[in-house]
Amino acid sequence: MKKFMDNDFILSSETAKTLYHNNASKMPIFDYHCHLPAVEIAQDKKYDNLTQMWLYHDHYKWRSMRSFGIDEKYITGNATDFEKFYEFAKMMPYLIGNPIYHWSHLELKRYFNVDETLSEKTAKDIWEKCNREIVENKLTAKKLIKMSNVVYIGTTDDPVDDLVYHKLISEDKNFECEVRPTFRPDKALKIQSKDFKGYIEVLGKTEGVKIKDYETLTKVLEKRLNYFVDHGCNITDHSLERVYFEPSTKEEVSNIFVKVLAGKEIDSKEAQKYTTFTLIELGKMYSERNMVMQLHIGALRNNNTRMFNLVGVDAGFDSIDDGEIAYSLSKLLDSLDVEDNLPKTILYCLNPKDNEVLGTMIGNFQGGQVPGKVQFGSGWWFNDQKDGMERQLISLSQLGLISKFVGMLTDSRSFLSFTRHEYFRRILCNYIGTLVENGEYPCDLDILGEIVEDICYNNAKKYFQK
């Protein structure tokens, strides 16, 4: 029986161990997509205790706590920080098979030198030890980034953001990690949202205009995109709960947009026409600027109305959607590619049933002398656990070219989540090592080491460069 989380955790063969320890572990982290607040990096956020780092924004942990029967008071409520930590610790031994068990103990080991497993019995000692580490080693936001060997962070930012905190970060010559904004115009595309009209008004104010028609909207979005690019942005992101492709003309879309601004109702087909046309227009802008477009597909958000009204968004009440995506996604990508306007694109699916869809879809639109121009993104959200990552790696390697994969990201709001890169790297090395040990690939450690280092860091660095 192997010891829990030893130095060879997840590494089941000698080849895997060699690749991880000699190649993967030494590579810096290029975290091109996360939700870390730029303000917390700029102000070098300080923490009073472990709960503030660990539980304040982690809806993965919140979901598990609710399933364990823990009262909301100890999750998003007004219990003390220690009470919240203690309730989480009581649950921890019962998380067998859940990735939170692995993530949490990796974080305890890497940032706080805690080797004990967390439970009700060890909670008080671990709480005190971690809090001492926070104070004595000054574990601030920037310190945690440096400890994690992170050289690049892509935040996620709305077009109305003034990016003032990104400016402050770039002016800190003692902080060596690049922190760049990502352009995420979701609110400008969700035309049936009840907040759409209000958002369009705020968007116009960023450029000192009143948006009364679709022509003005596209001009403002382009100006905001240019502003982001001027401040280092090279990546965009879109959340597509469902993938729709509903062709239309600019005149049609203009009429739909004005109709909504006038307070009139539109049907779902009209909304899909607006979203399709606008996303294609944005894609062209991205291509002109040599930007990367990310499409996150398949989240079913805010399922629990009662809890949404109580605690709001991003609180652990989202799940996997099961909509069909292949035809519409193909048409969307092809509509950009037909005039050679398809930018570098990363496709993520939340439903693992779509792994093979994306694994084959990316091959339709490669080329242009850009290795891996269209990427099948890493296991996302509910798939960033062990077998979710393994399924993604298998689909990509069997249907595409895993050697040109841009690798892992955190997609997290926590400065402790960089250990997910270690988790991914161990899984990656174990997968490749298994192929070698089974005689399915020769044991050429030079080329294997190169492939591993590329997936862990080098490919992303090249892919996202301006």
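**Entry 1: Ser 330**

Is Ser 330 buried, partly exposed or exposed? I looked up its relative accessible area, which is 25%, so Ser 330 is partly exposed. The scale I used calls a residue buried under 20% relative accessible area, exposed over 50%, and partly exposed in between, with a 1.4 Å probe and protein chains only.

I note that this is a predicted model, in which local features need pLDDT of at least 70, side-chain atom pairs count only at pLDDT 80 or more, and totals for chains, interfaces and linings use all residues. Residues are numbered from 1 along each chain as its sequence is written, and side-chain values use heavy atoms, with hydrogens and water left out.

I placed Ser 330 in helix α16 (residues 326-337). Helices (H or I, at least four residues) and strands (E, at least two) are DSSP runs, numbered from the N terminus. Leaving aside neighbours within four places in sequence, I found Ser 330 in contact with Met 361 and Phe 365; contact means heavy atoms within 4.5 Å. I also checked Ser 330 against Ile 70: they are 260 residues apart in sequence, and their C-alpha atoms are 44 Å apart in space.

**Entry 2: the five-stranded sheet**

I then traced an open sheet of five strands, whose order is β4-β5-β6-β9-β10 with parallel pairing. Two strands pair if DSSP finds at least two bridges between them. The edge strands are β4 (182-183) and β10, each of which pairs on one side only.

How many of the residues of strand β9 (residues 344-349) are buried? I counted six of six, and the strand is mostly covered. Both of its faces are covered: Lys 344, Ile 346 and Tyr 348 are buried on one side, and Thr 345, Leu 347 and Cys 349 on the other.

I followed the pairing of β9 in both directions. With strand β6 (residues 292-297), β9 pairs in the parallel sense over six bridges. Val 292 has Lys 344 of β9 as its bridge partner, and Gln 294 stands opposite Ile 346 in β9. With strand β10 (residues 374-376), β9 is joined by three bridges, and the two run parallel. Here Ile 346 stands opposite Gln 375 in β10. From β9 the chain crosses through helix α17 (residues 355-361) to β10, and this β-α-β crossover is right-handed. The term means that, with the strands pointing away from the viewer, the path from the first strand over the helix to the second runs clockwise.

**Entry 3: Asp 237**

I found Asp 237 in strand β5 (residues 235-240). Its relative accessible area is 0%, so Asp 237 is buried.

Which side chain makes a polar contact with the side chain of Asp 237? I found that of His 296, at 2.7 Å. A polar contact is a pair of N or O atoms within 3.5 Å; within protein, one must be able to donate a hydrogen and the other to accept it, and residues adjacent in sequence count only if both atoms are side-chain atoms. Not counting residues up to four places away in sequence, Asp 237 touches several others, including His 33, Thr 156, Arg 184 and Gln 294.

**Entry 4: strand β2 and a pocket**

I looked next at β2 (150-154). This strand is mostly covered, with four of its five residues buried. Three bridges join strand β1 (residues 29-31) to β2, and these strands run parallel; the bridge partner of Asp 31 in β2 is Ile 153. Three bridges also join β2 to strand β3 (residues 178-180), again in parallel, and Tyr 152 stands opposite Glu 178 in β3.

The second largest pocket has a volume of about 360 Å³. Of the 15 residues that line this pocket, the closest to its centre are Lys 142, Lys 146, Asn 174, Phe 175 and Glu 176. Both α8 (141-147) and β2 supply at least two lining residues each, and α8 gives the largest share, four residues.

On a 1 Å grid over the protein atoms alone, a pocket is an open set of points with protein on both sides within 12 Å along at least five of seven lines, a cavity is a set where a 1.4 Å probe fits but cannot get out, and lining residues have an atom within 4 Å of a point. Grid points are joined across faces, edges and corners, and a volume is the space filled by probe spheres set on the points.
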